[in-house]
Amino acid sequence: MMNWEKLIVPEGLHASEAGQQRSQFEKDYDRIIFSSPFRNLQAKTQVFPLPEQDFVHTRLTHSLEVSSVGRSLGKSAGSFLLEKYPELKTKQLQPFDIGGIVAAAALAHDIGNPPFGHAGEEAISDFFRFHPKGQRWESNCSRQEWEDLTHFEGNAQGYRMLMDRNNGIYISPPTLAAFTKYPRPSWTSAKDQKRRSQKKFGFFTSNLADYTELMEMMAIPLLAPNCWMRHPLAFLVEAADDICYSIIDLEDGCTMGLVSLEETIGLLAAIIGDRFSAQKLEKYPANRQKLAILRAMAINQLIEETDKVFQEKESLLLIGEFDQALTDCIPSAAALSAISALSVEKIYRSQPVLEKEAAGYQVLEGLLETFGEALYHHHFLKERFSGQNKSILRLLPDQLVLSGPQSAYSILRGLMDFVSGMTDKYALSLYRRVKGISLPNT
């Protein structure tokens, strides 16, 4: 059974100290928001790649909104936990500390996502699974390493970014654990595939040792070899993301003209319930105002419902017997499912989204092919290392082209750090240049 004291303030950590203006968890938030990987989210796809409209969400605006919802959920959970477990007050904890953990973890939840959204994840995976110049690396990798490479996962890349000392983020163990929604590597899973925490994987093989240490620090039990229970606050991080992308993607779809205003109002009204008033809504002349009011009311209702489910399931979370999405258990679950079904049909499979996702596949495959080929020749086939390869390598960060011996896995992890960290626009621009489609402005 997990213990909240170890989960929030493990040995050696002090959430708040005398004389400090910021708590440890406020520092986590600030370090994430000022980091380069987070800043790059401003030009990464949420749903609509390379949006021409400035009111459509990017990964950055989405992450800020998820963090805001996460803070509300965390503060409510904190009030409940401090009332139920008075011993937590002796650690100088306040509800806003728990809110701070969830807010910081939620802020970082998409920090590892590559350009072009989920299509970008598939493009990177498919390069190693199907492309001849990707497949050639397999003989130089272990089975576990190859599983990582052929199943690129934004959550695991995010964990890697948060652990990479070059990024200078240094967040606390509770925030790092709450960030990790899928506490296993790519090559193992729990026996019960119905567990939400086992739907994906949350860290790469190269991070297994430090993740093991993290779990031991907070006494989070194993479900199976190399497969752990979730930190309970990760369920709130997940819920904040579920709430925001359901409501905000629908709002963006309506703004883009893919979903009618009447249909959007009906879907959000099903969540708002008795508080919805068509007469009051008509007092707002602009559609954007109507959407903003409905969005706020729907999110508030979903926060209230999710908080109640968390309190009901808290004791089961500590022993690992509850492992579902909190938003699957709220009264508005059916309404969220209806939004999801419509979003798949009218938004995620819309012509502009599909066209730009297809372009994203070409861009990322082209970058991996070009840079991967040059790196392969540099490290493993020097007799075929050409002048073209040399020019290509000069475009890479210096640490990727060290002349000393390196494993194929570490080389490729570095390459994927470089490619996945790009914004959509930079990836497209660099692809055009290395493929000779366009030349830099002189």
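Strands are DSSP runs of E at least two residues long, and helices are runs of H or I with at least four; both are numbered from the N terminus. Keep in mind that this is a predicted model.

**View A. The loop between β1 and β2, with Asn 226 in it.**
Start with the loop that runs between β1 (222–224) and β2, because runs like these are what the labels stand for. Asn 226 is found in this loop. Its phi is near 60°, which is a positive value in a residue other than glycine. Is Asn 226 buried, exposed or partly exposed? With a relative accessible area of 27%, Asn 226 is partly exposed, since buried means under 20% and exposed means over 50%.

**View B. Tyr 170, in the loop between α9 and α10.**
Here's another residue, other than glycine, with a positive phi: Tyr 170, near 55°. You'll find Tyr 170 in the loop that joins α9 to α10. Its relative accessible area is 40%, so Tyr 170 counts as partly exposed.

Which residues of α11 are buried? In this helix, which covers residues 208–217, they are Leu 208, Tyr 211, Leu 214 and Met 215. What do the buried residues pack against? Their partners are α9 (154–163), α10 (173–179) and β2 (227–228). Just after α11 comes Ala 219, with a positive phi of about 55°.

**View D. Tyr 211 meets Trp 228, ring to ring.**
A pair of aromatic rings is described by the distance of the centres and the angle of the planes. For Tyr 211 and Trp 228, the centres are 5.4 Å apart and the planes are at 75°, so this pair is edge-to-face. The pair ties together distant parts of the chain: Tyr 211 belongs to helix α11 and Trp 228 to strand β2, 17 residues apart. Tyr 211 has 1% relative accessibility and so counts as buried. Trp 228 is buried too, with a relative accessible area of 5%. Zoom out a bit and you'll see a cluster in which ring pairs link Tyr 159, Phe 203, Tyr 211 and Trp 228.

Phe 128 lies in helix α6, and its relative accessibility is 1%. Asn 166 is another matter: Phe 128 and Asn 166 are 26 Å apart in space, C-alpha to C-alpha, and 38 residues apart in sequence.

**View F. Arginines over ring faces.**
Arg 413 lies over the face of Phe 204, at 3.6 Å from the ring centre. Arg 71 does it with Tyr 29, where the distance from the ring centre is 5.2 Å. Tyr 29 is one of the buried residues of helix α2 (residues 24–33), and the others are Gln 24, Phe 25, Lys 27, Asp 28 and Ile 32. What covers them includes α1 (4–8), α3 (36–39), α4, α5 (95–107) and α10.

**View G. The largest pocket and its lining.**
How much space lies in the largest pocket? About 1,000 Å³. Of the 42 residues that line it, the closest to its centre are His 118, Lys 200, Tyr 245, Asp 249 and Tyr 348. The elements that give two or more residues to the lining are α4 (59–84), α6 (117–130), α9, α12 (233–255), α16 (333–348) and α17 (351–380). Which gives the most? That's α16, with eight residues.

**View H. The largest cavity.**
The structure holds one cavity of 30 Å³ or more. The largest cavity has a volume of about 40 Å³. Among the residues lining it are Arg 195, Met 229, Phe 235 and Asp 323.

Key. Residues are numbered from 1 along each chain as its sequence is written. This is a predicted model: local features need pLDDT of at least 70, side-chain atom pairs count only at pLDDT 80 or more; totals for chains, interfaces and linings use all residues. Side-chain values use heavy atoms; hydrogens and water are left out. Buried means under 20% relative accessible area, exposed over 50%, partly exposed in between (1.4 Å probe, protein chains only). Contact means heavy atoms within 4.5 Å. Rings of Phe, Tyr and Trp (its six-membered ring) pair if their centres lie within 6.5 Å; planes under 30 degrees apart count as stacked, over 60 as edge-to-face and the rest as tilted. A charge sits over a ring if NZ of Lys or CZ of Arg is within 6 Å of the ring centre and within 35 degrees of the ring normal. On a 1 Å grid over the protein atoms alone, a cavity is a set of points where a 1.4 Å probe fits but cannot get out, and a pocket is an open set with protein on both sides within 12 Å along at least five of seven lines; lining residues have an atom within 4 Å of a point. Grid points are joined across faces, edges and corners, and a volume is the space filled by probe spheres set on the points.
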